[in-house]
Amino acid sequence: MKNISLLFILTAVFFSCKKEATVTSINDPITTKVDSLLAIMTLEEKVGQMNQYNGFWNVTGPAPKEGDAAARYDDLRNGRVGSMLNVTGVEEVRKVQKIAVEESRLGIPLIIGFDVIHGYKTISPIPLAEAASWNMELIRRSAEVAAREAAASGINWTFAPMVDISRDARWGRVMEGAGEDPYLGSLIAAARVTGFQGDDLSSPLTIAACAKHFAGYGFSEAGRDYNTVDVGTSTLYNTILPPFKAAKEAGVRTFMNSFNILNGIPATGNALLQRDILKGDWDFSGFVVSDWGTIDEMISHGYAKDGKDAALKAIKAGSDMDMESYHYLNHLKELVENGAVKEGLIDDAVRRILRLKFELGLFDDPYKYCDPEREQEIVGSDEHHAAVLEMAKNSIVLLKNENDLLPLKKEGLNIALIGPLADDKTSPLGNWRIAADDSTAVSVLEGLNAYDGNRITHRQGVKLIEGTPSFTRETLINTTDRSGISQAVAAARGKDAVIMVLGEHGFLSGEARSRASLDLPGLQQELLEAVYKVNKNVILVLMNGRPLTINWADKNIPAIVEAWQLGSESGHAIAQVLYGDHTPSGKLPMTFPKDVGQLPLYYNYMNTGRPNTNNPGEVFWSHYIDMENTPLYPFGHGLSYTSFKYDKLKISKDSIQDEEVLEVSFELTNTGERTGTETAQLYIRDHVASRTRPVKELKKFMQVILKPGETQTIIMTISEEDLAFYTDHNRWQAETGNFSIFIGGSSETSLDTSFYYKNNIF
Ligand code: NOJ
């Protein structure tokens with residue numbers, strides 16, 4: 001009897017949806033469908049759509065506090081769940097979807113979320129590494145590959161991209177973002193959203209993206225994860241928000257709020273962020289999911305007195321879906337019934353959630369992501385491995401290469417390969433690769449062994465970590481066991497070259513992995529120095545999830561290759577670079593400090609009232625008495641196996657006004673002996689403004705491939721849009737005044753000129 005009446009209701013709804021779609025809402029048939037469905041939902045069912053449960057199989061936050069698997073199945077049946085996370089694989093997804101669709105009263109399908117951050121099974125470089133490619137097409141493609149694999153495994157929503165700007169390498173999650181620059185970060189945000197979502201969200205090979213963490217999470221005090229964030233208007237609007245805006249403009253369908261407080265108000269309860277800026281000024285039509293338990297955490301923040309108060313504050317502030325706090329489920333109905341929350345707020349949130357479910361095509365076929373044959377065919381395909389290899393090669397940054405030690409000859413060399421990460425097949429996968437299997441990356445040893453002309457002797461030297469590290473457990477660093485150092489030194493003695501693979505284990509960066517020191521962890525520095533004593537021809541290959549302080553290596557080691565954590569094809573990419581089959585072209589998306597005490601350190605800093613006067617002996621200026629202000633490697637730095645010369649900088653006019661465009665041209669010449677790719681960078685400085693502006697801001701860049709001896713004239717343009725910032729009048733505007741232009745191969749530019757801009761409107 002129950003089934004017959006349900007069937008009748010559903011048929012009537014969908015029939016009427018279709019009918020109304022053709023008659024009344026030609027422009028937006030989805031709105032009609034959403035409204036029709038909403039009209040027959042009970043308040044409890046609406047609240048159910050706003051609840052997201054973890055799947056119990058895989059945990060990416062503190063263990064769920066309430067319920068067990070059986071209770072969660074019951075909640076699915078009773079329409080009390082709108083989304084699940086961490087349920088993967090077509091079989092598992094089909095199981096939960098079937099309950100939601102076939103056993104709940106209205107049969108509303110679940111949206112299935114997962115942290116597809118840099119690949120699903122086939123793993124791409126960590127996002128910070130990808131950012132070092134400055135190659136938007138490769139980054140887009142990497143997200144597309146990740147989306148294809150995830151979608152083929154039952155998932156239709158990723159919690160990515162993380163677009164948090166970060167300037168403090170102590171924060172473990174710098175590995176997950178695009179670095180310190182809002183312009184580069186904005187381009188990358190858009191590329192990733194486009195890659196995940198494609199141009200057809202209803203395709204079974206694309207998934208919805210999520211711009212996170214809204215907002216300010218990357219600015220946690222002292223780089224300690226989850227810590228307080230306190231930033232002014234200028235930093236919020238000019239630095240933190242632009243990549244979120246770019247993601248929105250690229251069509252991202254969801255946002256995730258964040259753990260932190262922002263200027264005293266938790267992001268989850270922050271109406272300025274979620275209601276005024278995102279849903280108001282930016283007119284965002286998608287929905288906002290809380291981060292894991294953040295509604296509940298408002299109690300610990302001292303912003304809500306209990307779960308009910310937290311639910312009230314979160315819904316009012318514009319958080320639409322509750323990830324793992326249960327406070328919406330437990331309190332929203334009562335809050336509406338006693339008049340504290342208007343049902344209109346609930347309707348708005350549910351509309352947004354249902355809209356995405358329609359856009360994904362889940363109402364047409366809730367099992368569209370659950371085809372086992374497609375899963376088999378797509379996940380881990382050769383095509384995907386080729387894509388992540390290409391991404392990996394282009395993510396590598398050559399930090400130093402004295403006397404052209406690199407590339408190495410492919411034949412006749414006797415090489416020692418040393419270090420705890422040299423044969424590691426797990427660390428290169430990095431953090432946030434939860435669907436990938438351990439030990440599936442190509443190690444450096446395997447990569448080098450794919451070339452058979454040289455003799456490789458491998459020694460670990462020291463262990464980096466104790467035990468088997470995992471995403472959900474603290475990783476312990478070996479600080480005592482030196483037993484392998486002497487064997488490593490013996491192996492290095494007399495060899496033509498020594499390749500040392502050192503850095504961080506994959507689980508030493510990522511969520512909750514803040515570090516107070518940025519030195520090589522454990523006994524690796526000791527190992528490096530011991531080996532260097534017997535052989536000076538050391539090539540240091542760094543694997544790490546964040547900038548490290550490697551001053552000693554920079555002073556002593558002739559060649560340093562930043563290889564981050566490059567994913568499934570890591571070893572192949574590194575070997576191809578070491579042997580010159582790929583000429584490195586990556587550029588740092590984040591400044592490398594000399595000392596952790598310099599942090600936060602970034603290239604686009606403000607001048608201060610007391611900048612360096614270069615007067616010897618001067619004391620009263622903004623500096624440290626025991627350390628320079630300058631970085632070890634600046635933002636934008638990255639060498640090649642060839643060299644480039646920048647010359648003949650010209651601008652089309654000395655002054656422009658309003659929407660006029662300034663043409664900037666210069667010559668770029670390959671002055672070396674190999675073909676190479678250079679990323680030419682253009683920075684500006686706005687000298688006097690209603691809010692102080694950074695000493696340099698990246699505004700344009702271009703990647704150019706040049707043959708030896710070849711010169712190309714590069715033209716870039718600057719217009720009002722590039723000069724605009726969030727002014728003291730609280731609007732985006734380019735202000736009248738003098739500007740400098742700087743050109744070069746890093747933020748330490750080599751050429752400059754200036755022009756005048758006149759804004760006649762303001
Ligand atoms: C917490 C993280 O901050 C967030 O980025 C992630 O998406 C969720 N956990 C879900 O795993």
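Tutor: Start with the largest nonpolar core, which has 192 residues. Phe-255, Ile-499, Met-500, Ile-539 and Trp-564 touch the most other members. The model is predicted: local features need pLDDT of at least 70, side-chain atom pairs count only at pLDDT 80 or more, and totals for chains, interfaces and linings use all residues. Numbering runs from 1 along each chain as its sequence is written, and side-chain values use heavy atoms, without hydrogens or water.

Student: Why is this called a nonpolar core?

Tutor: Because its members are buried Ala, Val, Leu, Ile, Met, Phe, Trp, Tyr or Cys residues, joined through side-chain atoms within 4.5 Å. Buried means under 20% relative accessible area (1.4 Å probe, protein chains only).

Student: Which helix gives the most to this core?

Tutor: Helix α14 (residues 343–359), with 7 residues. Domain 1 (41–110 + 266–380) and domain 2 (388–598) each supply at least three residues.

Student: What is Ile-499 in contact with, leaving aside neighbours within four places in sequence?

Tutor: Its partners include Leu-408, Ile-415, Leu-448, Ile-539 and Leu-578. Contact means heavy atoms within 4.5 Å.

Student: What makes the second largest pocket lie between two domains?

Tutor: Domain 2 (388–598) and domain 3 (644–758) both give residues to its lining, so the pocket lies between them. Domain bounds come from an automatic or database assignment.

Student: How much space does the second largest pocket hold, and which residues are closest to its centre?

Tutor: About 430 Å³. Of its 25 lining residues, Leu-639, Ser-640, Thr-642, Ser-643 and Phe-644 are closest to the centre. By class, the lining has 8 nonpolar, 11 polar and 6 charged residues.

Technical notes
Buried means under 20% relative accessible area, exposed over 50%, partly exposed in between (1.4 Å probe, protein chains only). Helices (H or I, at least four residues) and strands (E, at least two) are DSSP runs, numbered from the N terminus. On a 1 Å grid over the protein atoms alone, a cavity is a set of points where a 1.4 Å probe fits but cannot get out, and a pocket is an open set with protein on both sides within 12 Å along at least five of seven lines; lining residues have an atom within 4 Å of a point. Grid points are joined across faces, edges and corners, and a volume is the space filled by probe spheres set on the points. Ala, Val, Leu, Ile, Met, Phe, Trp, Tyr, Cys and Pro count as nonpolar, Asp, Glu, Lys and Arg as charged, and the others, Gly among them, as polar.
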